Amino acid sequence: MDKITCNCCGKEKKPEDFYSSPSKFMKYTGKVGVCKVCIWNYVEPTETDNYNIEVVKDALRMIDKPYIQDLWESAISEAEARNTKSNYFKLYMKNIAMPQNISLSWKDSDFASTNNDNAVSTEPSGADIENDFNDKDDKTYNKKWMGEYSPSEIDYLEGYINGLHKDFKIVTENHKDYAKKIAKASLHMDNCFRDVLEGVSGADKRYKDAKDVFDTLSKSAQFSESQRGQNEVGLGCFGRVFELVETKTFIPEHIPTEQDDIDKMLNDFGHILKSL
């Protein structure tokens, strides 16, 4: 097989651009249905060293790979030794592709989590699974977000918009409105991406449409990585200086210095030029 089409981005890629899968549902290609780049984009943090382990677990679950705490910690140690901290996930996937781990799937996860004291096994109980399931259906109308959302979705939206307020200067009503729309677009895009990873029919197109909406809103509101901290709501170069002076008393102190012979000569030339 020369090419495989990614269920997420829709691009045809080489087989080596996909992770191997022992799943019977992937028997034809022997590969996960989503390419490595799309998976990396889903799990990689915006800042080095700031992985969301729940997002990592979610991705592993959707591609039927195990989460093994010891192997994750091993990947962290290896990344730090190589000084490549942004590649924790890639190194972890290398570790679980070893011959002794290749046949493991999500059901073989140890569900270990590390707290401030010790590593504690937190395998979900039947009640936890039932609560997660009910949470998806327990949607109520939220006046702030103008729609029906579950408690977990509200937590996502609140966390996302709080992050925008930390990263960007949002002061006008227009920017506040854009921020809420972008948070909702991000939630929708995330839900579509989960469907893509789970192989839901038509999910790839829905994800592409959701991504286009998200990108358009971010560009219109100037909420993008290249503009992080720079969307000063119309302030130009002089406006930026004025703001520094007003908010941070950014006024350099004048320290007079004694003029040497060169300074005196320059002053004399200035007087000569004025008299011409």
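## Exposure and Lys205

A residue counts as exposed when its relative accessible area is over 50%, and as buried when that area is under 20%; partly exposed lies in between. Lys205 has a relative accessible area of 55%, so Lys205 is exposed. This is a predicted model.

Lys205 sits in helix H8, which covers residues 203-220. Cys192 is 13 residues away from Lys205 in sequence. In space, the C-alpha atoms of Lys205 and Cys192 are 9.0 Å apart.

Side chains of opposite charge can pair when their charged atoms come close. Lys205 pairs with Asp209 in a salt bridge, with an N to O distance of 2.9 Å. The two residues are four apart in helix H8, so about one helical turn separates Lys205 from Asp209. Asp209 is partly exposed, because its relative accessibility is 36%.

Helix H8 holds another pair, Asp212 and Lys208. Their side chains form a salt bridge at 3.4 Å, N to O. Asp212 and Lys208 are also four residues apart, so about one helical turn lies between them. Asp212 has a relative accessible area of 35% and is therefore partly exposed.

## A pair in helix H7

Helix H7 spans residues 173-197. Glu173 and Lys176 both belong to helix H7. They are three residues apart, about one turn of the helix. Their side chains meet in a salt bridge, 3.7 Å from N to O.

How exposed are the two partners? Glu173 reaches 60% relative accessibility, so Glu173 counts as exposed. Lys176 has a relative accessible area of 33%, which means that Lys176 is partly exposed.

## Network and total

Some salt bridges link up. Asp58, Arg61, Asp190 and Arg194 are joined in a network of salt bridges. Across the whole structure, a search finds 14 salt bridges.

## A negative surface patch

Which residues form the negative surface patch? The members are Glu258, Asp260, Asp261 and Asp263. Patch residues need over 30% relative accessible area and no salt bridge. Asp263 has 32% relative accessibility, so Asp263 counts as partly exposed. Asp263 lies in helix H10, residues 261-275.

Notes
Residues numbered from 1 in each chain as written. Predicted model: local features only at pLDDT ≥ 70, side-chain atom pairs only at ≥ 80, totals over all residues. Heavy atoms only, no water. Patch = residues over 30% accessible without salt bridge, like charges linked within 9 Å, V, L, I, M, F, W, Y side chains within 5 Å. Areas by Shrake-Rupley, 256 points an atom, 1.4 Å probe, with all protein chains shown as cover. Salt bridge = Lys/Arg side-chain N within 4 Å of Asp/Glu carboxyl O. Lys, Arg positive; Asp, Glu negative; His and termini not counted. Charge placed at Lys NZ, Arg CZ, Asp CG, Glu CD. Buried < 20%, exposed > 50% of the residue type's maximum accessible area, 1.4 Å probe, protein only.
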